[in-house]
Amino acid sequence: MTENIVDTAFFHSWFRNYVESFYTEDPELQQNIRLKEEHTLRVCNEIRRLGKALNLNRTELRLAETIALFHDIGRFEQITTYGTFDDRVSENHATLGLKVLKATDILSRLTKTEQTIVYNAIEYHNVRKVPDNGDELMELHTKLIRDADKLDIWYVVTNYYTERHRHRNPALELELPDTPEYSLCFVDDLLNNRVSNTHELKTFNDMKLLQLGWIFDINFTPTFLYIQERRIIEKIIIALPDTEDIRKIQNHLNDYLENRISETPRDY
Ligand SMILES: [Fe+2]
């Protein structure tokens, strides 16, 4: 029991030191480093909350938190080296993260099985489709980080959409043009319950539609409840143009959310 507590605390302090080594006088870069540092710590909270709602045991909770803490460890090197969070024009941040973890051997205090679970969950935390691998525990942890990560990205972007007129951050917009247009393939995907492909992104509005579509990739009932409580759909919709397509999407997504919540018994 003591060992569990020590491990998570040790990982947290390693993480803090690691991130601090990237701190810089450059205000824009520093802002982005802090953004990912704070994101990581909030994802740790999200995953603990979700894990508890799902009645995970202490070992599973500890492992889930370790995954959350390290899932974006590649972001710091990415933004420092390339000046962007856009994997398409830099490097896959999950792969970069695995390199960091392996080079530092920070996970050596976990068992081999645990290490494999952590590496696997990080590798697949950002892919469009997770390959089936048949290992239940591995699947559980991959699903947990994918839900917890999305919850916090939604938190970040919905805040950003309301604050944006005061302070813009191009790194959060992937340098996409902020024009009134959106691509119809994103509308089509949303109305057919599909997660869109990042490679189709053409405008900033497309990115908002892509973020709405992550709802089809959510795994656990408590996550659907958080989405509803936090009014994520409405907060993204309000940042989009007021058109017939967008109104259709809003109704469709709210129906989908209602169904996903009501189809599962409350005692998950
Ligand atoms: Fe993340």
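I looked up the largest pocket and noted a volume of about 1,000 Å³. A pocket here is an open set of points on a 1 Å grid over the protein atoms alone, where a 1.4 Å probe fits, with protein on both sides within 12 Å along at least five of seven lines; lining residues have an atom within 4 Å of a point. The volume is the space filled by probe spheres set on the points, which are joined across faces, edges and corners.

This is a predicted model, in which local features need pLDDT of at least 70 and side-chain atom pairs count only at pLDDT 80 or more, while totals for chains, interfaces and linings use all residues. Residues are numbered from 1 along each chain as its sequence is written, and side-chain values use heavy atoms, with hydrogens and water left out.

I listed the lining next. The largest pocket is lined by 35 residues, and Arg 75, His 93, Asn 126, Thr 198 and Trp 214 are the closest to its centre. Two or more lining residues come from each of α2, α7 and α9 (204-213); α7 gives the most, with 6 residues. Helices are DSSP runs (H or I, at least four residues), numbered from the N terminus. Domain 1 (2-148) and domain 2 (176-262) each supply at least three lining residues; the bounds come from an automatic or database domain assignment.

I turned to the iron ion. Its protein donors are His 39 (NE2), His 71 (NE2), Asp 72 (OD) and Asp 149 (OD), at 2.1 to 2.4 Å. Donors are N, O and S atoms within 2.8 Å of the metal (3.2 Å for Na, K and Ca), and the site may look incomplete because water is not among the atoms. Along the chain the donors have the spacing H-x31-H-D-x76-D. His 39 in helix α2 (residues 27-53) and Asp 149 in helix α7 (residues 136-163) are 110 residues apart, a pair that links distant parts of the chain. I recorded both as buried (under 20% relative accessible area, with exposed over 50% and partly exposed in between; 1.4 Å probe, protein chains only): His 39 has 4% and Asp 149 has 8%.

I checked phi last. Most residues other than glycine have a negative phi. Asp 105 has a positive phi near 55°; it sits in the loop between α5 (93-104) and α6 (112-123) and is partly exposed at 42%. Glu 175 also has a positive phi, near 55°; it lies in the loop between α7 and α8 (184-191) and is exposed at 60%.
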